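I am keeping these notes while looking through one structure. The entries follow the order in which I looked things up.

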Amino acid sequence: MQFGIPRPSPCETSASTFVSSRSIVVVLCHSMDATADELTPAAAGRAEGVEEPGSVSEPAAETSSAPISLLPAVKKGRHTPRWKVQRADDAPKTCYLAYMPLEILAEILSHTASPKDILALARCSKFFCVTLVNNHSTTFIWRHARAHCKPAGLPDPTPNFTEASYAAFIFDGGECDNCSKKTKYSHYSYMLRLRICHKETCIAQCIQNKLIPLPQDVPRYSDILAWIPRTEPCLRTIHELFRTTTYVKRSEWNAAVNEFNKAALSPTTMEEYMRKKQLLADRLPAVLEHADKLVKWKYKRDEEISRTRNKNQGFAAKIAQRHGWQDWELINSETYGWMHRSRSASFEVVTEADFAAIEDTVKEEMARNIEHRKRREAEAAYRKRREAVAKQYNRLKADKDTDRVLPTLPEFRKLSVMKVMQSKNSVALDPKNTALVAELLVDNLDRWENDARAALAGVLGCRTAGKTMLHPVDRLTARFQCKKCMKAAGMPAADGALTFAAACEHRCPHLTKKQRSRESWRADQFEPDQRAIDVVSQVLAQVGTSPEDTASLPVIQALGARVQCLSCPSAIVMDLEIAIRHSRRHDEVKFAVLPQDEANAVLQHPYKTGLTAQLMGHLSEAPASKDAKVYGCRHCHQLRASDSTSASATEEQVPSSREKYHRAVAINPSRQSNLFRERCSHSTGSGRM
C-alpha cells in the first residue's frame, strides 16, 4: 500500500526542474543590483572579501589597495601548464543571493508561477536547500506559491507530505512505466503513482500489461476492494480508454491477494489483517478525492500550457512573417527565444510591447544568424561537391577494365571540369550520369597525362621517341624515386622503384596532414632510380632485347620467376620486380636468367608479393596468418643445382649462421617471433625467405 510511504527529499531527486527556473533567475538578477546597497555591512564585507568583525586580520595600515590576484602561487623554477593555471575569469563567483534578506527573497518568490520554480531554486545549492526545504520559517513561501499557482491554485497536500516533497511529487518527471524512458511529465494517475510518457501506444500497452480492471465479481476478495488504490473517477472523462472501467495495478492486486490468502490461514492473523486494512479503507475516500482533484488540476494546467504555447507560437510566426524571417529561426534566437520560453513556462503571452523593447537586438541577432546559416549551407554544399569529386576519383581508380594513368587526388581536383564542379556557384553533376561532363573529364585526364609524360621523359633525359620505339615513360627502364622521400627517409618508397603510373599517383607518406594539404605534384620532385634502371637493363640484355623495343614488355611478362641473384650465397630466384627491390641489399649486384626447368628445380615454393609486409603489418589478420602456416627461409632451403651434389659432404662441417639460427628456434620456440621479425626485415617479400 502506498499511503503513508515517506517521500524522498526533493534535493535527492534529479535536477530536471532547473529549466523552469528561468523566470526566477531573471527576477533575482534584476533584484540583485537593486539590493546590492541594502546588504548589511557584514554581508557586504563577505561579498567584497573583507573579514567580519571579530576575526583575526592584519592591521589596516599594512593592507594594500592593489587587487588581490586569484591566480594560484607558482613555485620558481617549475613550469605550470597553461591549462592548469586558474584564471580570474574561471574563479568561482560570489553568490549574492545568499546574502539577500529572507523578506526580499520571499517577496521575489511570491511572483513565481508555481512551486516548481521554488523547488528549482532549492536544488541550486546547499544553502538554498537548507533555507527553503523543511524549514518552518519559510513554509509560507511554498504555501503562497501553491495558492497562487497558475492557472489555478494547487490543492492542499495530505498530511504525509511536506511542502517541498509535495512539489516534487507533483512536478518531477521520471521513467515511463511502460517503455522505461525518461519523461518530463508527471504522474498520469496520482492515486496509482502511474507515469506514462503521453504516447498513445504507451497508454494502451500500459493498460494491457500493468493494469487490470477492478475485480468486483470475486466474493472472496471483496474486502480488498475497500482499501486497494484505483484510478481516479475523473479519468473517465479525460481519456476514452478509462471511460467504462476502473483499473488497479496488476502488481498491487496480486500482492494484496497473496497477503489476504496468507492471513486467511489463521483467525488471529486474519483479525489483525482486517484491523490494519480498515485504517486504509477509512482513509481511501479522502485520498481518492484528493488524487481526483490533482488529476483535474493537472489536465487543466496542461490545457493552459498548450493554449499559451500556441498563442506565443502564433505571435512568433506573425513577427517572423512581418520581417521576412523563419519562425523557427526567431524562436531559436538568443534574446527572443529566451523570452518566448520563459513566458510560455510562466503562462504569459508575449505582446507587441514585449517585442518592441527588444526589437533592435533581435534584428541584429537574426541578421547574424541568417548570415551564419547561409554560410553553413554553402559550406555543406561545397563539402558535398568535394565528396562527389572524391567518389568519382575512387571509381576511376577502382576500374580494372582501363589502364588509364591517374594523378593524385589534389591534382585531380585541379582539372578544369573538376574545378567547375567544386565551385561555389555550380550545381554538383555526377560524371557517371552526365555524358558531357564525362567527355570533358576524359579530355582533361588525357591532357594531364600527356603533360606528365613529357615532363617525366625529360627527367629521364629522353625528350622524344621514334614511331617504332616505346615512349620513354612506357619502357621498363622508366623507374623513378622521389627526392623528398629520399631526403626524409634516406631510402626509396616502400613499394620499390616507381613506374610512370606509380610516380603520377605518388604522395609522400612522411608528410603531416597539414603539409599534405599544401603539397602539389611536380615532375621535378622525381629523379631516375639508377640502380633499378641498371638491373632492368642487365636482365633485358640477357633475354636479348632492349628497353626501346616494343617486344620487351611481353618478353618480361612471360619471363616469370627466372632471375637469379649471383651475389647471394644461396640460390635466390625471383621475377624482375622483386629483383629490383632485392638489388638494394648489395653494393654490387649481378643477375642471371635461368632456364625454366632449372628455375623450377630451385624455386619449389612460388612467390607471393607483399606477404612480408602483410605479416609484419598491424592488420588484424596478421596474427592469424602467422599461426596458419610454417614459414621457411629461402636462404636455407634453396640450393643451386651445382651445390646439390656437395650438400651431403658439408653436413658434418661447422654449422653456418643460418643453421645456428634454426637450431636456436628449435630449442627455444619463444624466440621464433623476434628472430622471424629480424629475418623479415630484409626478406624478399615472399612467403619462403
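Which backbone nitrogen does the side chain of Gln525 reach? I found that of Arg522, at 3.3 Å. The model is predicted, so I noted its limits: local features need pLDDT of at least 70, side-chain atom pairs count only at pLDDT 80 or more, and totals for chains, interfaces and linings use all residues. Residues are numbered from 1 along each chain as its sequence is written, and side-chain values use heavy atoms, with hydrogens and water left out.

**Entry 1: Gln525**

I placed Gln525 in the loop between helix H21 (513–518) and E6. Helices (H or I, at least four residues) and strands (E, at least two) are DSSP runs, numbered from the N terminus. Gln525 has 3% relative accessibility and therefore counts as buried. The cut-offs are under 20% relative accessible area for buried, over 50% for exposed and partly exposed in between, with a 1.4 Å probe and protein chains only. Leaving out residues up to four places away in sequence, I listed what Gln525 touches, including Gln481, Cys482, His506 and Glu519. A contact here means heavy atoms within 4.5 Å.

**Entry 2: the whole chain**

I noted 30 helices and nine strands in the protein chain. The chain has 689 residues, and 39% of them are buried. Of the contacts with a separation of 6 or more, 65% are between residues 24 or more positions apart.

**Entry 3: helix H18**

H18 runs over residues 435–460, which is 26 residues. From first C-alpha to last it reaches 37 Å, close to the 38 Å expected at 1.5 Å a residue. The expected span is 1.5 Å times one less than the number of residues. I looked up the buried residues of H18 and found among them Leu441, Asn444, Trp448, Glu449 and Arg453. Their cover includes helix H15 (359–398), strand E5 (480–482) and strand E6 (526–528). Just after H18, Gly461 takes a positive phi of about 85°.

**Entry 4: the loop between H6 and H7**

Pro151 lies in the loop between H6 and H7. The peptide bond from Lys150 to Pro151 is cis, with omega near 5°. Thr158 is also in the loop between helix H6 (139–147) and helix H7 (163–171). Is Thr158 buried or exposed? Thr158 counts as buried, because its relative accessibility is 17%. Its side chain makes a polar contact with the side chain of Asn160 at 2.4 Å. A polar contact is a pair of N or O atoms within 3.5 Å; within protein, one must be able to donate a hydrogen and the other to accept it, and residues adjacent in sequence count only if both atoms are side-chain atoms.

**Entry 5: two positive phi values**

Most residues other than glycine have a negative phi. I noted Asn134, with phi near 55°, in the loop between helix H5 (126–132) and H6. Asn134 counts as exposed, because its relative accessibility is 58%. I also noted Phe347, with phi near 60°, in the loop between helix H13 (334–345) and helix H14 (352–357). Phe347 counts as buried, because its relative accessibility is 10%.

**Entry 6: H4 against H7**

Which residues of H4 meet H7? Pro115, Lys116 and Leu119 in H4 meet Ala164, Ala167, Ala168 and Phe171 in H7.
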